[in-house]
Amino acid sequence: AACINCDAGYYCPNQGQSASTNLCSAGYYCPAGQSTSMPSPYLCPRGFFCVAGASGPARCTSGYYQDQPGASGCKNCPAGSYCRQDALCPGFNFTMPTTCPAGSYCPTNTQFAT
């Protein structure tokens, strides 16, 4: 039988391992076959977060945003703004807070303008 790639979400740093036991570091994601906990090609991108053991990045939900790469969580959408998951910045793959329009108000973690 052939050797098996280290499982997605894990890394296998040593030769002779018999199982995937080391979780990928928070702020990174690990597709199958990784040998380091922080594989530089897989730094979590802006607009997403990566918890320890992530096999892929997760998009921030509405009411939250992430403007920095390498995050393990999302930021609260600030009061006075709203954050829609599907309202991506032009040319980018992430959401930024949008100022609440006149005639409405937006408390912290507002998901959309009403």
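Q: Is Asp86 buried, partly exposed or exposed?
A: Asp86 counts as exposed, at 57% relative accessibility. The cut-off for exposed is over 50%. Keep in mind that this is a predicted model.

Q: Which side chain does Asp86 meet in a salt bridge?
A: Start with the general idea. Side chains can pair when they carry opposite charge and their charged atoms come close. Here Asp86 pairs with Arg84, at 2.9 Å from N to O. Arg84 is partly exposed, with a relative accessible area of 34%.

Q: How many salt bridges does a search of the whole structure find?
A: The search finds 2 salt bridges. Another joins Lys75 to Asp67, and their closest N and O atoms are 2.7 Å apart.

Q: Where do Lys75 and Asp67 fall, buried or partly exposed?
A: Lys75 counts as partly exposed, at 32% relative accessibility. Asp67 has 18%, so it counts as buried. The cut-off for buried is under 20%.

Q: What about disulfides? How many does a search of the whole structure find?
A: In general, a disulfide is a covalent bond that links the sulfur atoms of two cysteines. The search here finds 6 disulfides. Number the bonded cysteines in sequence order, and the pairing reads 1-2, 3-4, 5-6, 7-8, 9-10, 11-12.

Q: Which cysteine is in no disulfide?
A: That is Cys3. The nearest cysteine sulfur belongs to Cys12, 11 Å away. Cys3 counts as exposed, at 80% relative accessibility.

Q: Is the disulfide of Cys60 and Cys74 left-handed or right-handed, and why?
A: Look at the torsion about the S-S bond. For Cys60 and Cys74 it is about -90°, so this disulfide is left-handed. Their sulfur atoms lie 2.0 Å apart. The pair links distant parts of the chain, 14 residues apart. Cys60 sits in the loop between strand 4 (58–59) and strand 5 (64–65). Cys74 sits in the loop between strand 5 and strand 6 (75–76). Cys60 is buried at 5%, while Cys74 is partly exposed at 27%.

Q: Which links are right-handed?
A: Among them is the link of Cys77 and Cys83, with 85° about the S-S bond. Its S to S distance is 2.2 Å. Cys77 is buried at 0% relative accessibility, and Cys83 is buried at 0%. The disulfide of Cys100 and Cys106 has a torsion of about 75°, so it is right-handed too. Its sulfur atoms are 2.1 Å apart. Cys100 is buried at 13%, and Cys106 is buried at 6%.

Note on methods:
Residues are numbered from 1 along each chain as its sequence is written. This is a predicted model: local features need pLDDT of at least 70, side-chain atom pairs count only at pLDDT 80 or more; totals for chains, interfaces and linings use all residues. Side-chain values use heavy atoms; hydrogens and water are left out. A salt bridge is a side-chain nitrogen of Lys or Arg within 4 Å of a carboxyl oxygen of Asp or Glu. Buried means under 20% relative accessible area, exposed over 50%, partly exposed in between (1.4 Å probe, protein chains only). A disulfide is a pair of cysteine sulfur atoms within 2.5 Å. Helices (H or I, at least four residues) and strands (E, at least two) are DSSP runs, numbered from the N terminus.
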